[in-house]
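I am opening my notebook on a new structure.

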Amino acid sequence: VIAVAAVTAVVLGTVGLGAWGVRLARTTSDVFVASRAVSPWWNAAAISGEYLSAASFLGIAGLEMKLGAGALWLPLGFTAGYLALLLFVAAPLRRFGSYTIPDFAEARLESPFMRLVAAAVVLVIAGFYLVPQLKGAGLTLGVVTGSPYWVGVVVVGLIVALIVALGGMRGITYVQAYQYWVKTFAICVPACVLLLHLGGLPERAALFGKELPRAPAAGLSVQLDGATDVEFPAATSYRLDGVVRRARAGEEITLKGRLELPPRATVPVADGTDALRGEDWSAPVSGDTTATPLYVYSLLLATVLGTMGLPHILVRFYTNPDGPAARRTTVRVLGLLGLFYLFPVVYGLLGRALVPELYITGTTDEVVLRLPEVAWPGLGGEILAAIVAAGAFAAFMSTASGLLVSLGGTISYDIWPRLRHGPGGSRTRRFRVAAALAMVPPMLLALVAHDIDISLLVGWAFALAASTFCPLLLLGIWWAGLTARGAAAGLVVGTVVSSGAIFTSLLAGGGELLQQPAVVSVPLAFLTMWLVSRATASRAPDPSAHMLALHAPEGLGFDAAR
Amino acid sequence: VSSGGRTPRDELAESTAVGDVYLRRLVRAQLTLSLLAVVAFGALLGALPLALILLPGLDDMLVLGLPAALWIVGAPMFVLLVALGFLYRRRADALDDAFRDLVRGPES
């Protein structure tokens, strides 16, 4: 009940701020770039709020519990991505003054065709990134209220579509800044309170020693509704629906019904999870597949460079007043994200010690939501659980609205005007219609994709962004020699190689390079852009005016006024 | 400044050979600064997985109850990111200011 109230409060706060934003959104400029008048602190909170998605709020702690300390590299890469943005993209992109990445591609390369190619990539990245947000919403509402999966998907989808369609960028900025603080409060306070309540970290041997996760001293009872394949890392007796059985060490069994483990028994782990001893689990780099040095480097590359190419993040940089303000905003983002990312690891550590049943069901994604009530039975835990549930909702809603703004912007601004027989209407009206319609396909996909792993969809979005928009932006901003043909060829190669590798690993399994292809696909995309640009250099228009618009400081009269 | 009363601003606006040199110098200075920051951070971040592999003792050393390796990956890198971002921003803004002064000339 408390959790429902907390979630409702966050949703109402969002709708209220959104409604306030609607009143502010009077002009086209308000709707698209918040009139370019957002101050660095507001903008930094909004960017961070938009960025901290279901994957950050629920997924990182879940992955840390499942894979161990190897997952610590994720938040580091997610944050370091903004350093790369600051160093290479923030100020020049803001000065150039285009509104979307497709807009940038067309203006910089003087090729209307490039706008359409880039717009297609935006639709793929943002559309697929929206699916895991909605999926997270369905799961969370289910955990909190016991409602069916589709309810959360539809509720969050509709609210977000409404706020974005009515408020546009100006309204969304304040909503997202508010949601950053909701999320940080909701991840920080329960983590600190639980640590104080428990007086430190329990089960140290399973965390950092030679032990595997064990059932608590009172035994463990788990209801397995569907048939679940588990592996017993150590021999133990167990009861299934009351019948006593024995499992040998290393035995794989399919279980269904009520599983009961005796006190201190080593818990079995679901298929797809490795039973890691504490010493391996707590090593950030090890021989384990998801923590080998090659995997770690490839993952860092994908997250750092992928952040740079996420379309909903880049749109935000246009709301800065000028280039130096864009830089200032990005430095603040680094601080705000670092603050948030200190806390998910606490849930991973406590989850391994206290909620080992999630290893059996394979739903470590739920650890943030489940932990408070297990760690502190009673009212205290209930209140903390309500706080994290509210934070999770803020996470889905803010990222989903950011993605929808960029989908709506790309459809209404980059694609719609180029349709020969498309309906007319003002730019603002087109945006509202496009944003509302763009929510439909991801919602349908999320309803179908109940079983697809959240982190898989997110990983794909990052690898794709790193292999497409990252080389486009870096070369487009810093190298005068980039041509439209080179850029188009690079986008195609990056898309094909990165999604091909991930789909292959999805269908056929495969090593770390197929799961995390950035270390290959990103250099390939760069190389393609460079080689094809060199070969087609003679037909390219003179880029010096664009280089001037990108790099000339403010106050000299070279700012692009668009 | 130059003959015929043409200011650096005119050279830039008309994208003359002189103007291109001005602009290329600015772009190169900014890019050098960015790459320097990347090398600084990349050396640290890139060396970290290797250091953790080569110094397995860090997993066993406990600091405030947590293995040192967890601390190193989990917290100080974020502070480092902010510090590096702050230093970069100051230098980048200074480069922009210097270019602005150069183009506007001594009269302003």
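**Entry 1: one serine.** I began with Ser111(A), which touches Glu106(A) and Ala484(A), leaving aside residues up to four places away in sequence. Contact here means heavy atoms within 4.5 Å. I then placed Ser111(A) in the loop between helix H7 (101-109) and helix H8 (112-145) of chain A. Helices are DSSP runs of H or I with at least four residues, numbered from the N terminus. Is Ser111(A) buried or exposed? Its relative accessible area is 10%, so I noted it as buried. The cut-offs are under 20% for buried, over 50% for exposed and partly exposed in between, with a 1.4 Å probe and protein chains only.

**Ground rules.** I noted that this is a predicted model, where local features need pLDDT of at least 70 and side-chain atom pairs pLDDT 80 or more, while totals for chains, interfaces and linings use all residues. Residues are numbered from 1 along each chain as written, chains are lettered from A and ligands numbered from 1 in written order, and side-chain values use heavy atoms, without hydrogens and water.

**Entry 2: ring pairs.** Rings of Phe, Tyr and Trp (its six-membered ring) pair if their centres lie within 6.5 Å; planes under 30 degrees apart are stacked, over 60 edge-to-face, the rest tilted. The ring centres of Phe57(A) and Phe340(A) are 6.1 Å apart with planes at 40°, so I wrote down "tilted". Phe57(A) sits in helix H4 (residues 54-67) and Phe340(A) in helix H14 of chain A, so the pair ties together parts 283 residues apart in sequence. Both Phe57(A) and Phe340(A) are buried. Next came Phe128(A) and Trp460(A), an edge-to-face pair at 4.9 Å between centres and 85° between planes. This pair joins helix H8 to helix H21 (residues 454-467) of chain A, 332 residues apart. Phe128(A) is partly exposed at 29%, whereas Trp460(A) is buried at 9%. I also found a cluster of linked ring pairs, including Phe57(A), Phe340(A) and Phe78(B).

**Entry 3: where the chains meet.** I looked up the contacts: 46 residues of chain A meet 47 residues of chain B. The rule gives four salt bridges across this interface. A salt bridge is a side-chain nitrogen of Lys or Arg within 4 Å of a carboxyl oxygen of Asp or Glu. I noted one between Asp96(B) and Arg95(A), at 2.7 Å from N to O.

Key
Helix = DSSP H or I, 4+ residues; strand = E, 2+ residues; numbered from the N terminus.
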